[in-house]
Amino acid sequence: MSADTITSSTTASSPACPVYRVTGGRVVRSEWSKFWSLRSSWITLGVAVLFLVMIGVIAAALYTPDGPLGGKDAASGAALTLALAGTNLAALAVGALGVLLSAGEYSTGMVRSTFAAVPGRLPVLWAKCAVYGPIAFVTSTLGALLSFLLGSAALHGEKIALSLGDAGVFRCLLGAGVYLGLVGVYGVTVGLLVRNNAGGIAILAGVVLVLPGLTGLLPSSLGDTVSRYLPSNAGQSVMTLHASSDSLVSPGAGLTALLVWAVLLLAGAACRLRRNDV
Amino acid sequence: MPGQTEAGSDSVIEVRELTKRYGDKTAVDDLSFTAPPGQVTGFLGPNGAGKSTTMRMIVGLDAPTSGTALVNGRPYAQHRAPLQELGVLLEARAVHPGRSAFHHLMALAYTHGVPRRRVEEVIDLAGLHAVAHKRVGAFSLGMGQRLGIAAALLGDPAVVMLDEPVNGLDPEGVRWVRELLRGLAAEGRTVMLSSHLMSEMAQTADRLVVVGRGRLLAETTVDALVERSEDKGVRVATGEPARLRSLLAAPGVTVTSTGAERLVVSGLDTRRIGQVAAEHRVPLYELVTESVSLEEAFMHLTQDAVEYHSSDAGRAA
């Protein structure tokens, strides 16, 4: 390669004098492209859907009227409980992917390119959530729907069988999608807060899987209240047909709690992004 | 120049009283310098002198403890199209290894609305055409540098700032970078590159900003440094050193003996020494002007400011 070709191709676009500009929409477009151009996104998202569908279908297939959920009727929502049995594991996958999308930029150094292009930084946080939240929501909702439909086929004729048209069923499936979509956002924010893949995933797994069990250590009245509003239990309440036990709040309150968690985490991540060096 | 349209000022990097402290360690200490358009400014200093930290502050990745860094008249982060103002290659890798070179550049291009055509242009320019769709993780160090340079040029920037651009490049690649940077400067752009190697700078840069331990040691031109360094004396080998010594003795002339038949004379040039020797029939075997190499001049300039001496070389990352 000679110097002539270099200079001529550098200047080739100069005569047109293009006027570039960073906009919110363009940052979203960039994050969208970043998401789909990594193999880990496809794999982890696939794993999340697989957990959701496979565990739901197996749970439905293994159902017998003599089992733990035996003796319940359709109104109990047991069919939904079975269909959504994989939600916790799916949440782990979805959340871990969220962490990888943000903390992964720090571990690879990509973050320097990202913030050199968008030095305002915050648009990147919003764009990551605006891209990954909906992606996680849509795939999870479809996964929940598939799990329910396949499970319904297995439960056909059983006392607990429900159909998609029954009251509240669609809300629960959608609720599972909303919960997992928000867990994805939690993952992105936790990743930005700790800037470390392993640490972020550990924290996320702890909050989703371990923390609910630890509230038992608190004095019972306080423990119950705290427990209800933890992301995992609040998530359960948006995807449960009837809150049968005291451990769950109403779907509306659950959704509010999930959104409050998201806002708190986003605020924390935004602060850290603004304040700290990359 | 695209960058000049918006800011309305010259395409320059302007660093004023920049300081960065990490705890009680001062990485950059009250540093001020300017990189003007149309020239290649070399940012020179030993490892740990604060070059990379300074560059990170210029693009807003690190916030200065005090002072300012302006790109084309404003802080980098306040530009509407930062990649069009300044393109940067940072020393540490800044690419996700799982993404292809093409997708990496596209991701950056999308943020600014840079068309795909321009992405393909910089891929060709950097000689990455054959590997554009391979994962960056499989790239050699040299190809990684080429990708970084392609990314720096993506926005057709008025200012180009490269941290150790020739690291890991083969001789052909080194020449390519040199010609590329000279070409960019010839187009009127501001070019700044850092290095810890004087020899490399001498061939590429017009101006030099020399730093050590975060402080400015010199802001000069390569030519001025060359002139300043050429005064070490004349090396003479003769069969009669003692006699020549007394013949040359004069105010302002010093003669030192460096071996049985060897002298180093300062204050006289080769012509004068040769004349004296011929007049008195003193045989000369060698008569050479000893010039200090740029490398030596640089070492001399920075010797007190070297952060890590060779005993600590392992830590000098």
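**Exercise 1.** Is the crossing of helix 5 of chain A and helix 7 of chain A left-handed or right-handed, and which residues make the contact?

*Solution.* The model is a predicted one. In this model, the crossing of helix 5 of chain A and helix 7 of chain A is right-handed. The contact is made on one side by A:Ala90, A:Val94, A:Gly98, A:Leu101 and A:Ser102 of helix 5 of chain A, and on the other by A:Lys128, A:Tyr132, A:Ala136 and A:Ser140 of helix 7 of chain A.

Next comes the geometry of the pair. Helix 7 spans residues 122-155 of chain A, and its axis lies 11 Å from that of helix 5 of chain A, at an angle of about 160°. Angles over 145 degrees count as roughly antiparallel, and the two helices of chain A are therefore roughly antiparallel to each other.

**Exercise 2.** Describe the side of chain A that touches chain B.

*Solution.* Begin with the extent of the interface, in which 38 residues of chain A are in contact with 47 residues of chain B. The elements of chain A that give two or more residues to this side include helix 3 (39-61) and helix 5 (87-108).

**Exercise 3.** Is B:Gln84 buried or exposed?

*Solution.* Locate the residue, which sits in helix 3 (residues 82-85) of chain B. A residue counts as buried if 20 or more other C-beta atoms lie within 10 Å of its own; B:Gln84 has 27 within 10 Å and is therefore buried.

Conventions. Residues are numbered from 1 along each chain as its sequence is written. Chains are lettered from A and ligands numbered from 1 in the order in which they are written. This is a predicted model: local features need pLDDT of at least 70, side-chain atom pairs count only at pLDDT 80 or more; totals for chains, interfaces and linings use all residues. Helices (H or I, at least four residues) and strands (E, at least two) are DSSP runs, numbered from the N terminus. A residue is buried if 20 or more other C-beta atoms lie within 10 Å of its own, exposed if 12 or fewer, and partly exposed in between; C-beta atoms are placed from the backbone. Two residues are in contact if their C-beta atoms, placed from the backbone, lie within 7 Å. Axes are lines fitted to C-alpha atoms, for helices over the stretch in contact, and angles run from 0 to 180 degrees between N-to-C directions. Angles under 35 degrees count as roughly parallel, over 145 as roughly antiparallel, 65 to 115 as roughly perpendicular and the rest as oblique. A crossing is left-handed if the near helix is turned anticlockwise from the far one by less than a right angle, and right-handed if clockwise.
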